[in-house]
Amino acid sequence: FQQAKRLKVVCKWGTGIDSIDREAAARRGIPVYNTPGAFTEPVADTVLGYVLCFARQQPWMTLDMRLGRWEKKPCMALCECTLGVIGVGAIGKAVARRARAFGMRLLGNDPVVMPEDFISETGITMTSNEALLAEADFVSLNCDLNPTSYHLMDEHSFSSMKKTAYLINTSRGPVVDEQALVRALIEKRIAGAALDVFEDEPLPADSPLRSMDNCLLAPHNANSSPGAWRRVHENTIAKLIEGLQAT
C-alpha cells in the first residue's frame, strides 16, 4: 500500500480477503470490499461430489476396470453416514442442505449461533469441534482463514477422527497443516482426503500428496461455474464503483 499512492479502493474478486493487509488499508483510509456468496453453489456441489466419490468409490472402480480388474468394493449409502461441517456460513449451509437431501446425519461447528429455521430445516446438530471430528464419516472444511482457523486441522485433529473418515477441504489451504495430513494419510489414521486448496499453490511438483491413491486433488477449481464467474465479475465492478463514489 505504501507504493500505491493513487490507490483509492480495493475489491477482491471472490470472498476471501485473507491475502489483503486490511490494517494497512485502514491506516491509509482505503476501503476493502469483497464479493461474498458468489461461489456458494459450485463449491457446495464440489463438496458433495467428493462425498459421493468416497462413499461410492467410483474413481477407484474406474481405475480397476481400466487395469482389467473386476473387483467389488465395499461402499456406503449416504443415509448411513454422518457429515461434519466446520464453518457453517453460506457455503457450509449449502453443503448441509445438499447432504440432508441424501439423508445424511449432520453435525456443525461455528462460533456464530445458527438460525432456528436452518436447524429445523436440516436437522443439523451444532457441537464442539472435538465431538464433530470424533463422530463424522466426512469432515468438510468451509470456514474462512483467520488466526483461529490457521492449521485448525493438525496432528491432534487427525488423531481425533475416525480411521474410516475422510477430509474435504474447499476453504483455504492453510486451514490444514499439510505435513500433518500427509502423515495421517501415510499412517492410515484417516481413510482419505479431497483437497481443492493447498498451503502452497500451485501444489509443488514434489508434494507427496500427488502420489497418494487415497487423496483426490484439484487446482483450486471448486468455484468453477460460468454463472458464478459472471456474477463475481459484475459484483466486483459494482463494488469498485460504489467505493469510488464514496471517496
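Predicted model: local features only at pLDDT ≥ 70, side-chain atom pairs only at ≥ 80, totals over all residues.
Helix α2 spans residues 40–56, and helix α4 spans residues 90–101. The two pack at an angle of about 50°. Their axes lie 9 Å apart. Helices α2 and α4 are therefore oblique to each other. Their crossing is right-handed. On the α2 side, the contact involves Thr-40, Glu-41, Val-43, Ala-44, Asp-45, Val-47 and Leu-48. On the α4 side, Ala-90, Ile-91, Ala-94, Val-95, Arg-98 and Ala-99 take part. By class, nine residues of this contact are nonpolar, one is polar and three are charged.

Helix α2 also meets helix α3, which covers residues 58–66. Here the axes come within 6 Å and cross at roughly 55°. This pair, α2 and α3, is therefore oblique as well. Leu-52, Cys-53, Phe-54 and Arg-56 of α2 form one side of the contact. Gln-58, Pro-59, Trp-60 and Met-61 of α3 form the other. Six of these residues are nonpolar, one is polar and one is charged.

The largest nonpolar core holds 29 residues. Within this core, Val-139, Met-153, Phe-158, Met-161, Leu-167, Leu-181 and Leu-209 touch the most other members. Several elements each supply at least two of its residues: α6 (129–135), β6 (138–141), α8 (178–186) and β8 (192–195). The largest share, five residues, comes from α8. A second, separate core has 28 residues. Val-88, Ala-99, Leu-106 and Leu-216 are among its members. Ala-99 is also one of the α4 residues that meet α2.

Beyond residues up to four places away in sequence, Leu-181 touches Phe-158, Leu-167, Val-176, Ile-190, Ala-193, Leu-195 and Leu-209.

In general, most residues other than glycine have a negative phi, and most peptide bonds are trans. With a relative accessible area of 58%, Lys-188 is exposed. His-220 likewise has a positive phi, near 50°. The loop between β9 and α9 (226–246) holds His-220. At 33% relative accessibility, His-220 counts as partly exposed. Pro-202 sits in the loop between β8 and β9.

The loop between β8 and β9 (215–217) also holds Asn-214. Asn-214 counts as buried because its relative accessibility is 14%, and buried means under 20%. Leaving aside neighbours within four places in sequence, Asn-214 contacts Phe-54, Leu-185, Ala-191, Gly-192 and Ala-193. Phe-54 belongs to α2 and is part of that helix's contact with α3. Ala-193 is in turn a partner of Leu-181.

Thr-127 occupies the loop between β5 (125–126) and α6. It is partly exposed, with a relative accessible area of 26%. Apart from neighbours within four places in sequence, Thr-127 is in contact with Leu-107, Gly-108, Asn-109 and Leu-132. Thr-127 and Arg-210 are 83 residues apart along the chain. Their C-alpha atoms are separated by 33 Å.

How values were computed. Residues numbered from 1 in each chain as written. Heavy atoms only, no water. Core = buried A, V, L, I, M, F, W, Y, C linked by side-chain atoms within 4.5 Å. Buried < 20%, exposed > 50% of the residue type's maximum accessible area, 1.4 Å probe, protein only. Helix = DSSP H or I, 4+ residues; strand = E, 2+ residues; numbered from the N terminus. Contact = heavy atoms within 4.5 Å. Axes fitted to C-alpha atoms, helices over the stretch in contact; angles between N-to-C directions. Parallel < 35°, antiparallel > 145°, perpendicular 65-115°, else oblique. Left-handed = near helix turned anticlockwise from the far one by under 90°. Nonpolar A, V, L, I, M, F, W, Y, C, P; charged D, E, K, R; others polar.
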